[in-house]
Amino acid sequence: MSFVRSWLPRPFLSLVLLIVWLLMNNAFSLGQILLGLILAMGIPLLTEPLQTQQMAVKRPLKLIKYIMVLMWDIVVANLAVAKLILGPTKALQPGFIAYPLNLTGDLPITLLASTISLTPGTLSAEVSKDKEWLYIHALDLPNEQALIDEIKQRYETPLKEIFQC
Amino acid sequence: MNFAIELILSLLLLLGGSLILIGSLGLIRLPDVYTRLHAPTKATTLGMGAILIASMLFTLFDQGSLSVQQLLITLFLFISAPLTGHLLAKTAMHQRLKQIDKTKNADLIEVARDRKAPNHSSD
């Protein structure tokens, strides 16, 4: 076991690297698989001292559902922002909000911040040092509490379940 | 390729092109740096998505092989777009770029710049 651990410190990362390598080359020949395996083993070994311990995904199925919801929201919200851009821009009411974070851990917070930036109309600008507040800029902000509630129940609560934090 | 597939491909390309055009228009039309940040992040997601799906379908029906490199492009875009947005917003705050006057809660820029908790944190 310790032999496997020392030569394959991050099996999941190795798997991802191998898949990405094969996808990038768009080829599944033996040579590419061998080269991919060498990279998939070598890169984690070389970068191991740089890694920090991250939270593990506890509910993978919920993560897949979360990604599906996110994809759909990106489509819907893109069209909404396109409408805002083409409409009268003088009527826009931009604004900042401070969003109280319930999540803990760098990875879940980063995922939430990226989600907020990817869904159009909102953009994560900064996170406070104590990691309890996320500053968000909204393109059109009629109601602050409504936006906070929406992010909370649509994105943060599922993320909390996924990481159990 | 038959007509139906060509039609779908054209529609996807048109949709993607229009969305990216709208994103660029946003850069001209929107009033300040923070609102302008919203326009390009949007164009990359759905607009590029539509074009990449069209590209995948094209290789699938034209050459009969499934090309997955487009999926990788999408993945890299989805990772890099929020980072760019975050860094640009951060830079704008530190450069003290002017936001338009009617921006709600503009005082939050001051605390966000120093990554402090907001003052009204008691409520």
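Chain B is built from five helices and zero strands, where helices (H or I, at least four residues) and strands (E, at least two) are DSSP runs numbered from the N terminus. Along the sequence that reads as α-α-α-α-α. The radius of gyration of chain B, taken over C-alpha atoms, is 20 Å, well over the 14 Å that the globule rule gives for 123 residues, so chain B is more spread out than a compact globule. That rule is 2.2 Å times the number of residues to the power 0.38.

Before going on, keep in mind that this is a predicted model: local features need pLDDT of at least 70 and side-chain atom pairs count only at pLDDT 80 or more, while totals for chains, interfaces and linings use all residues. Residues are numbered from 1 along each chain as its sequence is written, and chains are lettered from A and ligands numbered from 1 in the order in which they are written.

Back to chain B: its C-alpha atoms fill a box of roughly 60 × 30 × 25 Å along the principal axes. Buried residues make up 31% of its 123 residues; buried means 20 or more other C-beta atoms within 10 Å of the residue's own, exposed means 12 or fewer, and partly exposed is in between, with C-beta atoms placed from the backbone.

Met1(B) sits in the segment before α1 of chain B. With 10 other C-beta atoms within 10 Å, Met1(B) is exposed. Setting aside residues up to four places away in sequence, Met1(B) touches Glu6(B), Phe61(B) and Asp62(B), a contact being two C-beta atoms, placed from the backbone, within 7 Å. Its C-alpha atom is separated by 52 Å from that of Leu97(B), 96 residues apart along the chain.

Now for the partner. The contact between the chains takes 42 residues from chain B and 38 residues from chain A. On the chain B side, α1 (3-29), α2 (33-36), α3 (38-62), α4 (69-94) and α5 (108-113) each supply at least two residues, and α4(B) gives the most, with 11 residues.

Leaving aside neighbours within four places in sequence, the contacts of Tyr135(A) include Phe96(A), Leu108(B) and Ala112(B).
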